[in-house]
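Hello,

Here is the structure I promised to pass on. Please open it first, then read my notes below.

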Amino acid sequence: MDRTETDIDEVRGAAPDPVQIAVWRHLLASVAEEMGATLERTASSPNIRDRRDASCAIFGPDGELIAQAAHIPVHLGAMAVLLRSLRNEVAWPRGIAWMCNDPAHGGTHLPDITVAMPVYVGLGKSARLVGFTASRAHHADVGGSSPGSLAPATELCQEGIVIPPVALMRGGSLQADPLAILCANTRTPDERRGDIAAQIGACRIGCRRLAAIVQTHGWDTYQLRLAEARRYSAAAIRSALLALPDGCWEAEDQLDDDGQTAGPLSIRVRLTLKGGHADIDFTGTAKQCQGPMNAPLAVTTSACWYVVRCLVGDEIPTNSGCWEPITIRAPHGCLLNPAEGAAVAAGNTETSQRVVDVLLAALGKCAPERFPAASQGTMNNLTIGGWDPTRRRNFTYYETLGGGAGAANHRPGSSAIHSHMTNTLNTPAEALESYYPLRIEALGIRSRSGGAGEFPGGDGLLRRTRLLTPAVVSILAERRDSRPPGAHGGGGGVTGRNSIVEADGSRRELPAKWSGAVAEECAVEIETPGGGGWGHEVQPADS
């Protein structure tokens, strides 16, 4: 039985119950985690099935985030922006599912397609909207000028099909036309059908689980616990900000280039902390660029949320309350808030990492002992696509590669790891070679690539992939010119390097952003950056 309004008011005015906070945190997060497991186990493409390049979250009836799985940070923050955008923009009758990848509505880059569904409890006139489920997955090809949809483009339409909010399902039935349009604009339509079906399945599982929670505990209790969790998370973030000194700190870092014109591209931040509130202002950042390094505001927001969320441990619920003490400013038309239609493919993967770097650098000036050196600062995007003569089908392979993590004041950085805005796995060599006309010839630690220091930065990795058929290769990477900086006197990490190893063994160096045809039996070799070191390197005493 639901509580009376008097009972609820009494509980709302009481201090948060830590036991209930913990119970409901895990209860709601388990819904998103099960959605993620469903998506990964039923997806068609190795990019989602094996690399787990996908994210799931659930939202309250107001469209605000209530729980997420431990998936991809850049997906999750931006997905919350998308649900805020769509909540009052489109209709949400029972049985509908909306599909969207448009950066103008909270999308990140075009390969990241989101499917969202409403959750209802009850039938007929008594039916009540209790929340939403959403899954975002990186599809290995959504059209555009090159296989993989991540080439150095100059406008959004070159990067693939743009999907504004479109009804993928109505009345619980799949709508054939939107899916047909998507599949007609991709080089791998069977993969896309399978991956979209997996996203739908994940959202349906989430709908059933969230509805069961509301039915079990009652609508009033459910509302109460959501509100309590949001207040608790907001208070925890404010406490973390209050633990830092009030003041203003500025930092600046740069992107190497945009793949079209000479760089560098500056990212500047002014961080103001006052009374448990953080004002993050990117005024002074470079104007939007011609190439694909522009980050939609949803991506910029996601990166800022991630850094602030890292100020507290994982024991608090991650929900919209975490963002209440934060204000974010990025002038329209700049690199971090471009005009509609700008190329954005690498803003999601590369520029988001640099936003994290500059924010951590600003925080490092505020509290030098607390914050780590820069990690590799790139996702090292590699796409390979063409015709597979053995399997007699088109293929598009996508991978992001780990590198060195930045060291901190109590530990060295980890090596060959994905860091900050990405949280994917590598595609296992066995899975890759059984699915694509590719062969992994080398995969290992790039020794001595981490920055020196009292605690050294983590090392990058070296990966060499041999093509067994002619293909188009695209690379979008960063930190090929500028080193990931150290902190507190530590040295910078070694920059990354891209190259083609020809069939005769000769080597051709490539820029950070590149796309072109590569012959059969050539190999693509990526050496990823190391992380920055922390603290002055301790010299051994004379013997």
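What pLDDT does the chain average? This is a predicted model, and its chain averages a pLDDT of 93. At least 70 is the score of 96% of the residues. One stretch needs care. Over residues 1-11, pLDDT stays under 50. For that stretch, the model has 14 contacts beyond four places in sequence.

Now look at helix α5, residues 176-184. Which of its residues are buried? They are Pro178, Leu179, Leu182 and Cys183. These residues cover an arc of only 130° around the axis, so they sit on the same side of α5. The face turned away from that buried side carries exposed residues: Ala176, Asp177 and Ala184.

What covers the buried residues of α5? The cover includes the strands β3 (97-100), β4 (112-121), β6 (166-170) and β7 (173-174). It also includes the helix α6 (189-217).

Next, find Pro61. This residue is in the loop between β1 (54-59) and β2 (65-68). Is Pro61 buried or partly exposed? Its relative accessible area is 21%, so Pro61 counts as partly exposed; buried would mean under 20%.

Leave aside residues up to four places away in sequence, and Pro61 touches Arg87, Leu129, Val130, Gly131, Phe132, Trp219, Tyr222 and Leu226. Gly460 lies 399 residues from Pro61 along the chain. The C-alpha atoms of Pro61 and Gly460 are separated by 43 Å.

Best wishes

Methods
Residues are numbered from 1 along each chain as its sequence is written. This is a predicted model: local features need pLDDT of at least 70, side-chain atom pairs count only at pLDDT 80 or more; totals for chains, interfaces and linings use all residues. Side-chain values use heavy atoms; hydrogens and water are left out. Buried means under 20% relative accessible area, exposed over 50%, partly exposed in between (1.4 Å probe, protein chains only). Helices (H or I, at least four residues) and strands (E, at least two) are DSSP runs, numbered from the N terminus. The arc is that of the directions from the helix axis to the C-beta atoms. Contact means heavy atoms within 4.5 Å. pLDDT is the predictor's confidence in each residue, from 0 to 100.
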